[in-house]
Amino acid sequence: MLQPSVIPKHTDSNGWWHILQSGPPPKVLNGRKSARNVVVGAGVCGIATAFRLGELCPDDKTILIDAERAGFGASGRNAGFMLNVHSHGPPKRIDILKRNMKLWASGLSDLRNRVEKFQIQCDWSEAGRFYGAAGPDGEKHIDEIAQTLEQLDLERTWLDADQMESRIGTRFYSRGLHTPGNALVNPAALMRGCAQHLPLNVELFEDSPVTEVEKIASGGYVVKTPEGEIYCDRVVLAAGVFLRHFGIGKGRIVPMATYGSLTAPLNNAQLAQLGTGEAFGLLGGSEYGATIRLTEDKRLFVRNYFHHTPNGPVSGKTVSGPIADLHRKSLRARWPELANLPFEHSWGGIMAFTWNDGSIFGEIQPGLFAVLTNDVSPMTRGTASGRLLADLMEGHDSQLLDLQLSLPEARRLPPRPFLDLGIAFQRAKLHFAARDEF
Ligand SMILES: Cc1cc2nc3c(=O)[nH]c(=O)nc-3n(C[C@H](O)[C@H](O)[C@H](O)COP(=O)(O)OP(=O)(O)OC[C@H]3O[C@@H](n4cnc5c(N)ncnc54)[C@H](O)[C@@H]3O)c2cc1C
């Protein structure tokens with residue numbers, strides 16, 4: 001029997017979610033139901049799995065269930081970069097990059113198809129992304145990113161400090177690199193939209209925390225929530241970083257929190273400070289550098305700061321206090337004229353890091369499956385992995401599934417407190433290296 005030791009319950013805002021028009025109320029699981037499949041977790045992985053199971057098993061019912069609203073967890077709290085490729089540090093082996101790119105491309109294409117087919121209003125834009133370098137670490141890394149893109153024969157354009165200033169209105173960056181191929185979105189709108197357009201044989205229950213998954217003697221499982229239970233043949237755990245609270249991937253997943261803040265839409269005078277005033281997405285040259293966006297609806301978004309959070313999310317008060325102050329510092333450093341622009345929302349989310357860019361994917365015990373994306377292009381990779389898990393369950397072979405199965409399993413981490421010390425050291429090193437890009 002699996003009983004999660006922690007249930008997700010965010011106490012902070014999620015700007016992307018709160019700026020959306022309110023949608024239909026949640027359908028909470030109540031009483032006894034039955035289904036062929038139950039997918040636990042309506043994040044990017046769970047939605048992709050449920051979607052594909054719905055397609056592959058048209059005569060069977062699949063239930064997708066989440067402790068909160070679909071799109072309220074990490075998948076709807078992120079910076080909104082749906083990446084075709086991403087790599088920090090010296091270029092990796094070309095075969096590994098090409099393998100990963102196939103997964104990212106497949107995930108990106110699935111998301112794009114869904115947005116187009118269902119007309120999901122999530123500000124999907126394929127204007128590409130910038131990498132911005134400030135300081136020696138950023139300069140070194142941006143060269144490495146350019147080398148990786150070159151190795152993959154991907155389009156890239158260098159911008160000097162003047163060109164960066166003309167485009168985004170700041171001389172903060174000594175150099176920039178632009179590359180197309182990714183999408184930028186409001187991630188909560190994307191996830192909510194996908195969850196609202198599941199196949200008809202997939203039923204979504206929200207605000208329904210799974211408290212127990214029990215194997216039953218007659219075969220199959222019962223999935224329990226405070227107010228209901230579902231009898232099913234197969235269970236998929238797609239609980240993201242919470243997977244380890246079900247006892248899966250324990251000692252292999254590092255929960256890292258990071259934070260975002262969003263302003264109100266800028267007026268014309270404020271927009272005039274931002275170069276052309278067109279929407280953009282910028283990732284730091286340094287690995288831990290700040291992510292900055294000007295959204296399609298003209299809000300500024302800032303993401304920075306990572307920390308290890310083995311004991312669950314930080315409180316809403318910390319997020320709207322010291323964390324929002326850090327984000328303000330980032331704004332002030334880039335656009336001093338906008339230093340006092342208030343943030344409407346500040347929030348955090350937890351993502352799963354693995355040591356070796358490894359994955360958790362497959363059948364854990366008969367009828368019980370798990371899927372986890374990791375910290376490298378997680379949204380597109382998670383979409384691909386979710387879909388491929390359904391393929392695996394249904395015996396639907398493909399080259400892409402072989403490729404997913406060839407990914408290394410998330411490697412076992414050293415025990416605590418050695419792990420905590422190692423992460424603290426690495427994090428301090430990366431934050432120090434990125435100090436000019438905060
Ligand atoms: C601030 C921030 C910025 C980021 N930026 C980017 C970015 O730009 N691009 C990118 O690709 N990635 C980004 N990421 C990472 C990315 O968002 C995550 O890696 C990804 O969303 C993980 O998806 P998931 O489906 O595995 O997990 P989640 O999205 O966390 O989904 C898991 C779901 O399981 C549910 N769940 C857990 N336990 C239970 C339970 N007991 N009962 C029922 N439901 C349960 C949770 O409520 C949750 O909704 C960012 C993350 C953060 C926090």
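Residues are numbered from 1 along each chain as its sequence is written. Because the model is predicted, local features were considered only at pLDDT of at least 70 and side-chain atom pairs only at pLDDT 80 or more, whereas totals for chains, interfaces and linings use all residues.

The chain is divided into domain 1 (15-76 + 189-253 + 357-420) and domain 2 (122-184 + 258-355 + 422-437), with bounds that come from an automatic or database domain assignment. The centres of the two domains, taken over C-alpha atoms, are separated by 29 Å. To the contact between them domain 1 contributes 23 residues and domain 2 contributes 18 residues, two residues being in contact if their C-beta atoms, placed from the backbone, lie within 7 Å. On the side of domain 1 that touches domain 2, two or more residues are given by each of α1, α6 (187-196) and α11 (418-433); helices (H or I, at least four residues) and strands (E, at least two) are DSSP runs, numbered from the N terminus. By class, this side of domain 1 has 12 nonpolar, 6 polar and 5 charged residues, where Ala, Val, Leu, Ile, Met, Phe, Trp, Tyr, Cys and Pro count as nonpolar, Asp, Glu, Lys and Arg as charged, and the others, Gly among them, as polar.

The ligand is surrounded by 42 residues, of which the closest are G41, G43, G73, G240 and G349; a residue is counted as near if its C-beta atom, placed from the backbone, lies within 6 Å of the molecule. The shell divides into 24 nonpolar, 14 polar and 4 charged residues, and at least three of its residues are drawn from each of domain 1 and domain 2. Elements that supply at least two residues each to the shell are α2 (44-56), β12 (254-263), β16 (343-353) and α9 (378-393).

An open sheet with mixed pairing is formed by 8 strands in the order β5-β6-β4-β13-β14-β15-β12-β16, with two strands taken to pair if DSSP finds at least two bridges between them. β5 and β16 each have a single partner strand and stand at the edges, so one side of each is left without a neighbour in the sheet. From one strand to the next the twist averages 20 degrees, axes being lines fitted to C-alpha atoms, for helices over the stretch in contact, and angles running from 0 to 180 degrees between N-to-C directions. Within this sheet, β12 and β15 pair in the antiparallel sense over 7 bridges, and M256 has H308 in β15 as its bridge partner. Helix α4 packs on the sheet, where it touches β4 (129-133), β6 (175-179) and β13 (280-284), and its direction makes about 25 degrees with that of β6. Helix α5 (residues 161-168), by contrast, lies across β4, β5, β6 and β13 and runs at about 90 degrees to β5.

Strand β2 (residues 62-65) is covered on both faces, with T62 and L64 buried on one side and I63 and I65 buried on the other; a residue is buried if 20 or more other C-beta atoms lie within 10 Å of its own, exposed if 12 or fewer, and partly exposed in between, with C-beta atoms placed from the backbone. β2 pairs in the parallel sense with β1 over 4 bridges, and 4 bridges likewise join β2 to β8 in a parallel arrangement. I63 stands opposite V38, and its bridge partner in β8 is E203.

Helix α6 is largely enclosed by the rest of the structure, because 9 of its 10 residues are buried. Its buried residues are covered by elements that include α1, α2, α3 (94-118) and β8 (202-205). Among the residues touched by L20 are A188 and A189; L20 lies in the loop between α1 (15-18) and β1 (31-40) and is partly exposed, with 17 other C-beta atoms within 10 Å.

Several local backbone features were also noted. The peptide bond from R416 to P417 is cis, with omega near 10 degrees, and P417 lies in the loop between α10 (399-405) and α11. A positive phi of about 60 degrees is found at D153, although D153 is not a glycine; this residue, in the loop between α4 (135-151) and β5 (157-160), is exposed, with 6 other C-beta atoms within 10 Å.

Notes. Lists of a residue's contacts leave out its neighbours within four places in sequence.
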